[in-house]
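Hello,

Here is the structure I promised to pass on. My notes on its charged residues follow below.

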Amino acid sequence: MSSLHTKESADKSCPADTAVGAGCVNDSKLDLSEQLEAFRAKVLERGKELWRDLPWRHTRDPYAIWISEVMLQQTQVARVDGRWQRWLRRFPNVAVLADADAADVLEEWQGLGYNRRALSLHKAAQILDKNGGVMPEDEHELVALPGIGPATAAGIRAFAHNLPGVYLETNVRTVFLHELFPEAEGVPDSALTPLVAVTCPKDDADPHDDPRTWYYALLDYGAYLKQTIPNPSRRSRTHTKQSKFEGSHRQKRAEVLRILLAARPNSLSFDELSGALDEQETSEGRAPVAPSELQDVLSELVREGFCTEENEMWHA
């Protein structure tokens, strides 16, 4: 299948204002619509071959799908499978999550990445609960909730309601880069977004080619590509190499929060926290944490709502 990127510009960055019919589209014998139809046919075929039977694909509950979408952000599928089911047993719906203690939500989230995502889930559930407890279908209403961006909203709409949208997440981005921009560097999302929009089926009239089926195919083909070739997403302008977690300030924040959660319902003094944190750090071959850095960590966690301090005692 022809690339949308010209050979002449293969070693150049794709311009930020590239859109359908402009910039990186080549002058091959196929016109743009024919190229995209060939692309769609290939993705749907690969989707059938590479289909993954994942537990969250067996529900149409917008709440359950929302939880899976947030968990899957920068977290391996194998880790989410099991944790998603456990979350739903503990917080089976919006009302239960909204009524939960924030510390219980954070406790359940441990090991699933950025803790602020758990707080955003909790805050969003509380907003929804006050407004009837129903997840909205409308994109603008979804993105107005804490922690829900355009991609998460599009995922909820596609997988719960089979509605079209621009679901530009990492596996989807991988497929578009690999198939349509195979040699381009620094491809901006502004070049991909109109292509993602125009290739998504507009309705659910064809059960073999509807928004849900289309995005499942992109996700599964993208996951396969990441396992078999150098990650095409590295050629995206949005790609950034994540900084090392172990030994970082972010890791110390996560460890302090874990210590506080494990101590519940008790509070801990600064010295108790310092001792527990240093014990963990030295067991991993790292130096003890300076009191000033621990104080900075605690101040950040209190300010962001992860813990509270009263009379120089901290608790989650």
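Is glutamate 139 buried, exposed or partly exposed? Glutamate 139 counts as partly exposed, because its relative accessibility is 37% (buried means under 20% relative accessible area, exposed over 50%, partly exposed in between, with a 1.4 Å probe and protein chains only). You will find glutamate 139 in helix H7, residues 139-143 (helices are DSSP runs of H or I with at least four residues, strands are E runs of at least two, numbered from the N terminus).

Before you go further, please note that this is a predicted model, where local features need pLDDT of at least 70 and side-chain atom pairs count only at pLDDT 80 or more, while totals for chains, interfaces and linings use all residues. Residues are numbered from 1 along each chain as its sequence is written, and side-chain values use heavy atoms, leaving out hydrogens and water.

Now to the salt bridges: the structure holds 17 (a side-chain nitrogen of Lys or Arg within 4 Å of a carboxyl oxygen of Asp or Glu). One of them pairs arginine 52 with aspartate 220, with the closest N and O atoms 2.6 Å apart. Arginine 52 sits in the loop between helices H1 and H2 and aspartate 220 in helix H11, so the pair ties together parts 168 residues apart in sequence. Aspartate 220 counts as buried at 2% relative accessibility, whereas arginine 52 is partly exposed at 23%.

Another bridge joins arginine 253 and glutamate 304, with 2.7 Å between the closest N and O atoms. Arginine 253 is buried, at 13% relative accessible area, and glutamate 304 is partly exposed, at 29%.

Best wishes
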